[in-house]
Amino acid sequence: MDNNFKVNMNEYLPLRDVVFNTLRQAILKGELAPGERLMEIQLAEKLGVSRTPIREAIRKLELEGLVLMIPRKGAEVAKISEKSLRDVLEVRRSLEELAIELACQRMTQEDLVQLEQRQEVFCRAIRSGSPMEMAESDEAFHDVIYLSTGNDKLVQMLNNLREQMYRYRLEYIKDADKRQVLMVEHEHILNALKGRNLSEAKLAAREHIDNQEITVSKNIKEQEENILPGRGRR
């Protein structure tokens with residue numbers, strides 16, 4: 001277990017919600033790794049709470065698909081699967097296409113300037129930042145597009161996908177060979193939006209998501225192949 005994740009005791013939230021949010025973020029950011037056992041006693045000691053809010057948090061995380069309950073073994077962090085990746089990206093493709101369409105029509109000059117600024121921040125993170133900084137600056141770039149649509153319901157739906165997407169963003173960005181490609185993909189989206197070229201913007205956004213699915217699926221398969229020989233020796 002990574003020893004760097006910490007509980008953030010927000011005085012406005014009940015303790016059970018604070019514990020849930022802390023464990024959820026630790027999973028999404030990879031501080032609790034896929035397949036890692038979630039030991040109630042150890043987590044309670046680490047976070048300075050009783051086992052009850054830990055147990056409640058684990059149940060909620062199971063409902064979100066972030067934790068699996070294994071018979072005779074207990075709780076563990078759910079592994080990233082090809083199916084969960086495909087399910088999330090199928091939804092994202094449809095919502096992203098609508099966001100691009102509306103953004104092409106409604107983006108102001110101020111929005112475009114902000115998008116250029118977010119792209120500069122993203123490029124700096126790619127050159128010298130941590131994977132988490134890269135993922136967060138990638139997220140910030142797309143947020144400008146979503147907000148520029150002026151459609152609160154669409155933004156809400158995309159935000160609901162945000163946490164589920166975070167694991168895949170990190171997994172994609174961990175592949176150093178793809179980081180230059182990511183910068184180019186963002187540039188294509190930016191230029192198409194600046195030119196109000198809807199067909200080019202949609203194509204660029206779709207390629208951006210398709211490349212993520214191809215890369216992360218490949219990584220998942222490689223991880224599974226690396227695990228299988230170890231199982232065979234037991």
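Arg-169 and Glu-139 are both buried (under 20% relative accessible area, with exposed meaning over 50% and partly exposed in between, for a 1.4 Å probe and protein chains only). The two residues form a salt bridge, with the closest N and O atoms 3.9 Å apart. A salt bridge here is a side-chain nitrogen of Lys or Arg within 4 Å of a carboxyl oxygen of Asp or Glu. Arg-169 lies in helix H7 and Glu-139 in helix H6, so the pair ties together parts 30 residues apart in sequence. Helices (H or I, at least four residues) and strands (E, at least two) are DSSP runs, numbered from the N terminus. Salt bridges with shared partners join Asp-138, Glu-139, Asp-143, Arg-162 and Arg-169 into one network.

The model is predicted: local features need pLDDT of at least 70, side-chain atom pairs count only at pLDDT 80 or more, and totals for chains, interfaces and linings use all residues. Residues are numbered from 1 along each chain as its sequence is written, and side-chain values use heavy atoms, leaving out hydrogens and water.

The whole structure holds 20 salt bridges. One of them joins Arg-206 to Glu-97, with the closest N and O atoms 3.9 Å apart. Arg-206 is in helix H9 and Glu-97 in helix H4, 109 residues apart. Arg-206 is partly exposed, at 39% relative accessibility. Glu-97 is also partly exposed, at 34%. Lys-202 forms a salt bridge with Glu-101, the closest N and O atoms being 3.5 Å apart. Lys-202 has a relative accessible area of 24% and is partly exposed.

Nonpolar cores were examined next. Each is a set of buried Ala, Val, Leu, Ile, Met, Phe, Trp, Tyr and Cys residues joined through side-chain atoms within 4.5 Å. The largest has 29 residues, of which Leu-85, Leu-154, Leu-158, Tyr-168 and Val-216 touch the most other members. Helices H4, H5, H6, H7, H8 and H9 each give two or more residues. H7 gives the largest share, 10 residues. Leu-85 touches Tyr-168, Glu-213, Val-216, Ser-217 and Ile-220, leaving aside residues up to four places away in sequence (contact means heavy atoms within 4.5 Å). A second, separate core has 20 residues, including Phe-20, Ile-58, Leu-61 and Leu-66.

Helix H8 has several buried residues, among them Leu-182, His-186 and Ile-189. Arg-196 follows H8 and has a positive phi, near 55 degrees.
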